[in-house]
Amino acid sequence: IEWKQTSWIEESIIAGYTAIDVPPQERCANDDICKFRGLGLSGRDETYLDGNGDAAYWYNSVGTIRSTWIPAYNRETAKSSSLYILERSGVEECEISACDVDE
């Protein structure tokens, strides 16, 4: 899954979500609670980050703390998760507060 967002992942309100390479979420088509909307600080004790921030559910979990399974993308379950952050160079594309800008 590749996306961009204007909010930092440690903020509970996810802002500026734009899908770049996000597969269809057919299992969430009629269920808005599991749709991926970016990553934000979870309001749940079971995980650190999730795909809807401070909302009640924790689908798209990253950094699961207390669970034997991970509520993952498109209503799937996972045994592990990884997060890679790409920092773009240049002021126009930099959406992280501590970006290094090549001049």
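Leaving aside its neighbours within four places in sequence, which residues is Asp50 in contact with? Taking contact as heavy atoms within 4.5 Å, the partners of Asp50 are Ile14, Gly38, Leu39, Gly40, Ser42, Gly43, Tyr57, Trp58, Tyr59, Asn60 and Ser61. This is a predicted model, in which local features need pLDDT of at least 70 and side-chain atom pairs count only at pLDDT 80 or more, while totals for chains, interfaces and linings use all residues. Residues are numbered from 1 along each chain as its sequence is written, and side-chain values use heavy atoms, with hydrogens and water left out.

**The chain as a whole**

- The protein chain has 0 helices and 7 strands, where helices (H or I, at least four residues) and strands (E, at least two) are DSSP runs numbered from the N terminus.
- Of the 103 residues in the protein chain, 31% are buried; buried stands for under 20% relative accessible area, exposed for over 50%, and partly exposed for what lies in between (1.4 Å probe, protein chains only).
- Looking at contacts between residues at least 6 apart in sequence, 31% join residues at least 24 apart.

- Asp50 belongs to strand β4, which covers residues 47-50.
- Asp50 is buried but has no salt bridge, and the nearest side chain of opposite charge, that of Arg44, is 7.0 Å away. Here Lys and Arg count as positive and Asp and Glu as negative, with His and the chain ends not counted.
- The backbone nitrogen of Gly53 is reached by the Asp50 side chain at 2.7 Å.

**The sheet around β4**

- An open sheet is built from 3 strands in the order β3-β4-β5, with antiparallel pairing; two strands pair if DSSP finds at least two bridges between them.
- β3 (40-41) and β5 (62-64) stand at the edges with a single partner strand each, so one side of each has no neighbour in the sheet.
- β3 and β4 pair in the antiparallel sense over 2 bridges, and Asp50 in β4 is the bridge partner of Gly40.

**The nonpolar core**

- Ile9, Phe36, Leu39, Leu49, Val62 and Tyr73 make up the largest nonpolar core, which has 6 residues. Such a core is a set of buried Ala, Val, Leu, Ile, Met, Phe, Trp, Tyr and Cys residues joined through side-chain atoms within 4.5 Å.
- Leu39 is a handy link between topics: beyond its neighbours within four places in sequence, its contacts include Ile9, Leu49 and Val62, and also Asp50.

**Salt bridges**

- The whole structure holds 3 salt bridges, each being a side-chain nitrogen of Lys or Arg within 4 Å of a carboxyl oxygen of Asp or Glu.
- Glu76 and Arg27 meet through their side chains at 2.4 Å, N to O. This pair links distant parts of the chain, 49 residues apart: Glu76 is in the loop between β6 (70-71) and β7 (77-78), and Arg27 is in the loop between β2 (18-21) and β3.
- Glu76 is partly exposed at 38% relative accessible area, and Arg27 is partly exposed at 46%.
- Arg44 forms a salt bridge with Glu46 (3.0 Å, N to O), and Arg44 is partly exposed at 28% relative accessibility.
- Asp45 and Arg66 form a salt bridge whose closest N and O atoms are 3.6 Å apart. They link distant parts of the chain, 21 residues apart, with Asp45 in the loop between β3 and β4 and Arg66 in the loop between β5 and β6.
- Asp45 counts as exposed at 56% relative accessibility, and Arg66 counts as exposed at 51%.

Notes. Polar contact = N/O pair within 3.5 Å; in protein donor to acceptor, adjacent residues only side chain to side chain.
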